[in-house]
Protein chains: 2
Amino acid sequence: MGWSRVLAGFTFLMTGGVAFADVTAEIGSKALSDSWAYNFLGDLTSEIGPRMAGSPAAHAAAEWAKRRLQQAGFDDVHFETFPIPAWTRGAESADVVVPSKQHLAVAALGGSVPTPAGGIEAEIVLFKSIQSFLDSAPGSLTGKIAVITQRQVRAQDGSGYGAIVGPMRVTGASEAAKRGAVALLIRSIGTDNHRVPHTGLMQYAKDAPKIPAAALSNPDADQLERLAAKGPVKLHLSLASELRDKAEAVTVVAELKGREHPEQVVLLSGHLDSWDLGTGAIDDGAGIAIAAGAARIIGQLPERPKRTIRVVMFGAEEIGAASKPYAEGQGERAANIVVAGESDFGARKIYQVSLPAGAGDSPFARQFAAALVPLNVDMGHQPARHGGADLEDLQEHGVPVVQFSQNGLDYFDIHHTADDTFDKVDRAELAQNVAVWASFAWLAADGDVDFRALAARAASK
Amino acid sequence: MGWSRVLAGFTFLMTGGVAFADVTAEIGSKALSDSWAYNFLGDLTSEIGPRMAGSPAAHAAAEWAKRRLQQAGFDDVHFETFPIPAWTRGAESADVVVPSKQHLAVAALGGSVPTPAGGIEAEIVLFKSIQSFLDSAPGSLTGKIAVITQRQVRAQDGSGYGAIVGPMRVTGASEAAKRGAVALLIRSIGTDNHRVPHTGLMQYAKDAPKIPAAALSNPDADQLERLAAKGPVKLHLSLASELRDKAEAVTVVAELKGREHPEQVVLLSGHLDSWDLGTGAIDDGAGIAIAAGAARIIGQLPERPKRTIRVVMFGAEEIGAASKPYAEGQGERAANIVVAGESDFGARKIYQVSLPAGAGDSPFARQFAAALVPLNVDMGHQPARHGGADLEDLQEHGVPVVQFSQNGLDYFDIHHTADDTFDKVDRAELAQNVAVWASFAWLAADGDVDFRALAARAASK
């Protein structure tokens, strides 16, 4: 892109003596009408589609993203690769065979072992709550398919997910196996009523047999509840899946090098990998589009901000593997990160931001709060506690994190399903996210805020 | 059910001298709090599930419905069977192979021939409108997969369906074949944005090769539009399906015999058969639940109305075959039908009724309009033109029809998809339908309205 066009887009910089706050406001305003992030997301989800960590599609996505970031004018675009186990879904089916033949919509949970060839046919034991499942005695499920149908509560902050995902999806199979079950079916962890089951990661305990595990769509879970209330229900379940021990995940990194303190880094992130059923639009194509889109707005300024802005598209969030490789053995890297944030909760509007502990009533907070007013976002009263799954290890290394709360009321209607497609993303809502992140990144990168010092001061009070 | 309980439910009849209008009002009121229809629908869709005409499940559904209707106290419950062709879906898949490997959600259209074993791999030619497809020259699609992605318009009266279903779904394959195409994919005729394609009947012309035809889910049609805008797209399509020439369809008939004019019939109907993907809750388990539920309310009265109320659960609406067998060679039967109606547009509230031509300002219309006020339904100004697909041949035999317009704004989000399940039905909305039909049936069956005479009088004016 030529300078004349850049300058036309940023006329405020030509007038001289423009206040910092005016620059921030214009960045926010420009982001609201910018379509780069929306187009990035549309093209990624169309040209590449699903991109499971370790798959050929994930590698293609990394190459694709690299080209896009280079075209967008980032200074340094490179890969960081690391070894992961890679799981691949195969053919899968579930059918009621007693009391009447009916097809059920299921999806294997990520990491599930396959059923034996020919599948499993067994009676179900249905639990309407996690607690009643956990209360069942060892041996009580011998030879049965355990079914848990507790329902996720819809909440704007997505808290209904965390409330049940652990015992149902992550550890449910091993708990069922300890009680003798031959397979586990769970109601999808999701809030929709469509016949598109929600997949997601599960894990096996070391002290239990590995049994296959899958999610039923919500209507299918309802159906089993109704049938189980009337009498015995027998299912046939067939899951084919494959686990490779060694695959390669790719994290894509791009930077705008700081003009004064290039070693000091404001890190914006999301994750490039997605589940296999949808095309990863809201999880998390949107997140990387927002992070890169926000940085790109700043990259269009005639000069770089004082500090470096780094965009990280993590390569293996969905299998819980992206965080450690990025943080490990990188004490120095972590120490140089001024602040980090991850966008990984869809594409709806941000309604609240939470700054690192101790920053709540700093000059930075006041500047940022002013920039948020036209974007209709509140400054939260609580410090950020969790910056994102991929930032957990950086947080452990002392990196301050921010959290930008998006409206997640319908996030779990789509999350981890075949329905996670580009048509679900609203252009204006996505742009509002870009504007919030761009405003934040600009203020943090062109200023001198020291979140670690603010935290230390607050803690010493 | 004992008389004491019936009488407790209909105390108005014990007081003597109660006005006709009061009985109608109490029937409506009782229907609003009655749960028989809702339970009928829940049990049918759970215990039987999908029930394609001619399938073992359809026969099981007929036996099931017969038992339910007998338990509900109908005087005469019997089957009418007739021969039909029966089509069975097989395994089906579609994948983008160029520019990148991606799975698409598709469903074969009902009646489609299978692809050759191993499937078809071909480039697509994508048309965003039916007109541009029809404008394409003979031979211009040779060796290609034709894709039509015109979108159904959402409308309360469902008019967006009729506007496009003919040329896209019903006759599209033969038009594509005449232009040389090897297969047809259409955007689902539906208004949702989920990855659950909408099936439905298609038909082959005699003067074109039979090529396989399937529907893409709306998000998948969007995806192909985006990809086709960027360059060549090649798909692999595989459909297995089977057509049996001879199967048996079953229509279930139940009656409340009229106490004075048993030969005069008020006919309430819906259809028992459903597509195979969902469990046929809104199409049309709801319709038969409403028709039977309305009649049952009247059947609980201490005495039968003057005329017979007949409930017909047609056995093959989805393949367009139920109408003729019921009407054909039955001139006398048709002549004795006072009026007929079919509920076949889901389970949302009725907002308007249309009476047979000429009945608009009759005493009957005034009585019925009064009964509709507490049910929040308007009397329409236009006469009923179409009573329902299964009543078309009766209409041709001169049978007057009524039409009760339901809110269909979201009907085509679900229609003919795997999402057509019981959880989509609202108990109170279903009950309002039962109340409207029960009020109508009572007024028509216990009065002496003669719709043919009213029509003749209006025509002679």
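Predicted model: local features only at pLDDT ≥ 70, side-chain atom pairs only at ≥ 80, totals over all residues.
Ile350(B) stands opposite Gln406(B), a residue of β14(B). Now widen the selection to residues 350-354 of chain B, which make up strand β12. Strand β12(B) runs antiparallel to β14(B), and 4 bridges join the two.

Next, go to the corresponding part of chain A. Here too 3 strands form an open sheet, in the order β13-β12-β14, and the pairing is mixed. In chain A, β13 (378-379) and β14 (403-406) are at the edges with a single partner strand each, so each has one side without a neighbour in the sheet. Select residues 350-354 of chain A to show β12, which pairs with β14(A) over 4 bridges in the antiparallel sense.

Asn376(A) is placed in the loop that runs between α12 (363-372) and β13 of chain A.

Move to Val98(A) and Pro99(A). The peptide bond from Val98(A) to Pro99(A) is cis, and its omega is near 10°. Pro99(A) sits in the loop between β1 (76-98) and β2 (102-104) of chain A. Then select Val98(B) and Pro99(B), which are also joined by a cis peptide bond, with omega about 10°. In chain B, the loop between β1 (76-98) and β2 (102-104) holds Pro99(B).

For a helix pair, select residues 20-32 and 427-446 of chain B, which are α2 and α14. The axes of α2(B) and α14(B) come within 8 Å and cross at roughly 155°. An angle over 145 degrees counts as roughly antiparallel, and α2(B) and α14(B) are therefore roughly antiparallel to each other. The crossing of α2(B) past α14(B) is right-handed.

Show the side chains where the two helices meet. From α2(B) come Val23(B), Thr24(B), Ile27(B), Gly28(B), Ala31(B) and Leu32(B). They meet residues of α14(B) including Ala431(B), Val434(B), Ala438(B), Trp442(B) and Leu443(B). Colour this contact of α2(B) with α14(B) by class: 10 residues are nonpolar, 4 are polar and none is charged.

Finally, show both chains together. In the interface, 24 residues of chain A are in contact with 25 residues of chain B. On the side of chain A that touches chain B, select α3 (36-48) and α8 (218-230), each of which supplies at least two residues. The largest share of that side, 5 residues, comes from α8(A). By class, the side of chain A that touches chain B has 9 nonpolar, 9 polar and 6 charged residues.

To end, superpose chain A on chain B. A rotation of 180° with 0.0 Å of shift along its axis does this, with an RMSD of 0.0 Å. The two copies are thus related as by a two-fold rotation axis. The same surface serves both copies, as 100% of the contact residues of chain A recur in chain B.

Terms used. Residues numbered from 1 in each chain as written. Chains lettered and ligands numbered in written order. Pairing = 2+ DSSP bridges. Contact = placed C-beta atoms within 7 Å. Nonpolar A, V, L, I, M, F, W, Y, C, P; charged D, E, K, R; others polar. Axes fitted to C-alpha atoms, helices over the stretch in contact; angles between N-to-C directions. Parallel < 35°, antiparallel > 145°, perpendicular 65-115°, else oblique. Left-handed = near helix turned anticlockwise from the far one by under 90°. Least-squares fit on C-alpha atoms with pLDDT ≥ 70 in both.
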